[in-house]
Amino acid sequence: MSVAATAPAHGAPRAGEPLLEVRGLTVSIGRGPDALTAVRGIDLTLQRGESLGLVGESGAGKSLSMLSVTSLLPRGARVGGSVRLEGRELIGLRSRELRRVRGAEIGMVFQDPMTSLNPVFTIGRQVEEAIRIHQPGLSRSEVAKAAVALLAAVAIPAPRERLHSYPFELSGGMRQRVMIAIAIANNPKLLIADEPTTALDVTIQAQILDLLRRLAAEREMALVLITHDLGVIAGMVDRVAVMYAGRVVEERTTAELFASPRHPYTKALLSCIPRADRPDARVLGIPGSPATLRPPPPGCAFAPRCPDAVDACHEVDPALEGEPGARIACLVASGRVAATRPGEPGPR
C-alpha cells in the first residue's frame, strides 16, 4: 500500500486557475504609533507543480508572507489582502476549516526541526498522527505501513526501526527528513520550506535540497523555498521573487535572474555569493543596514543603500511592474527615470 493511494484526493481544479494566488497581502504587528507593517502588499501567483524561490535578507518579510497562507502568524499580527488556494479564500477561514487545509493541502517544513518535533514522543507517533488526522478511515496497521513508507521516501535508513526512535536520537539531517515526511504525509498540493537547510552543514544541505526537489517532482507538488541565500536556489526552482523591506522588488525566472539581474538589490545579493569558477573574485557585502519599517522610509526602501539611486528614488516608492514572471520595482532599472545620481546633471 502506498501513501499516495490513501491520501485525500485533490479537488478538480478549474481550467487556467492558478494553485496559489496572493493579492495585496499585508501583515501588520502591533497597533497605534508602534505598529509595524512587515509585509507591504505582496502579489504572487504559483501554478500547479511550479517551484518558487522567495529570497532576501533576514527581516525582508519572506517567512511572514508564507505563514500568512496558513494563518500561522504570531499573536497580535493582522493580515490584509487575499490568499486563494485553487480559488478558495484562506484569509478569514475558521480554525476548524484551516486545520483541514494545513497538512492535507499545504505542507510546511520549518527551519529547526527540534522546535517542531515533540521531544517526548517517538518519531513513529508523530508521523502517524499526521496521517491519522487527515485520513481517519485508515486502520492502525495501514497507518503504521504508511509511516514506514514515508520514512523510506525521505531516505531514512531502517525506517521501521526508526519509528521507535526519539528526535534527540537522530542527527540534524535525519530530523529534517522526518519533518519533510510529516509535511508530505497527505500528498499536499503545496509544500512550503522555510529555510530548511540553515542549521545543516553543506553536505547535508545539498542532500535535503535534492530530496525536496525530487519529492516535489514525484508527487507533483508546487514548492515554495524560502531562503536568504541566493546560492541555495540555483537549480532548485523555476522562478525567484526577491523581497526587500516587506515587498517584492524583482521577479524573474531563475535562469534570467542569475544571468542578468536587474534590481540593484538582486545584484548586491548575488555579489555576496562566492564563485567556484572565480576563486580570486572578491565577495562583497551590502553596505548599510536593512530598512526600518517603523515607519516605512519615504521613496524606495533600498535607496539609502543603493549605488544607482537618484533623487526620485528617495521620493517615489516604485510599483512592481512588468510582464508576469518578469517584474521589477526600480525607477532606474526599469527606465522610468534617467540613471543619474543625486547632484549630478541629467542627460543632455
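**Close-up views of a predicted model**

Arg 252 is buried, at a relative accessible area of 8% (buried is under 20%, exposed over 50% and partly exposed in between, with a 1.4 Å probe and protein chains only). The model is predicted, so local features need pLDDT of at least 70 and side-chain atom pairs count only at pLDDT 80 or more, while totals for chains, interfaces and linings use all residues. Residues are numbered from 1 along each chain as its sequence is written, and side-chain values use heavy atoms, with hydrogens and water left out.

**View A. Salt bridge of Arg 252 and Glu 256**. The two side chains meet at 3.8 Å, N to O (a salt bridge is a side-chain nitrogen of Lys or Arg within 4 Å of a carboxyl oxygen of Asp or Glu). Glu 256 is partly exposed, with a relative accessible area of 36%. Elsewhere, salt bridges with shared partners join Glu 17, Arg 48, Glu 86, Glu 105 and Lys 189 into one network. The whole structure holds 18 salt bridges.

**View B. Salt bridge of Glu 128 and Arg 132 in helix H5**. These residues are four apart, about one turn of the helix (helices, H or I with at least four residues, and strands, E with at least two, are DSSP runs numbered from the N terminus). The N to O distance is 3.7 Å. Glu 128 counts as buried at 18% relative accessibility, whereas Arg 132 is partly exposed at 38%.

**View C. Salt bridge of Glu 89 and Arg 84**. The side chains meet at 3.8 Å, N to O. Glu 89 is partly exposed at 23%, and Arg 84 is partly exposed at 33%.

**View D. The largest pocket**. Its volume is about 590 Å³ (the space filled by probe spheres set on the grid points, which are joined across faces, edges and corners). Of the 22 lining residues, Gly 103, Met 108, Ala 130, Met 179 and Ile 182 are the closest to the centre. On a 1 Å grid over the protein atoms alone, a pocket is an open set of points where a 1.4 Å probe fits, with protein on both sides within 12 Å along at least five of seven lines; lining residues have an atom within 4 Å of a point. Strand E6 (106-109), helix H5 (123-134) and helix H8 (172-183) each supply at least two lining residues, and H5 gives the largest share, five.

**View E. Ala 149 in helix H6 (residues 140-153)**. Ala 149 is partly exposed, at 28% relative accessible area. Its C-alpha atom is separated by 17 Å from that of Gly 103, 46 residues apart along the chain.
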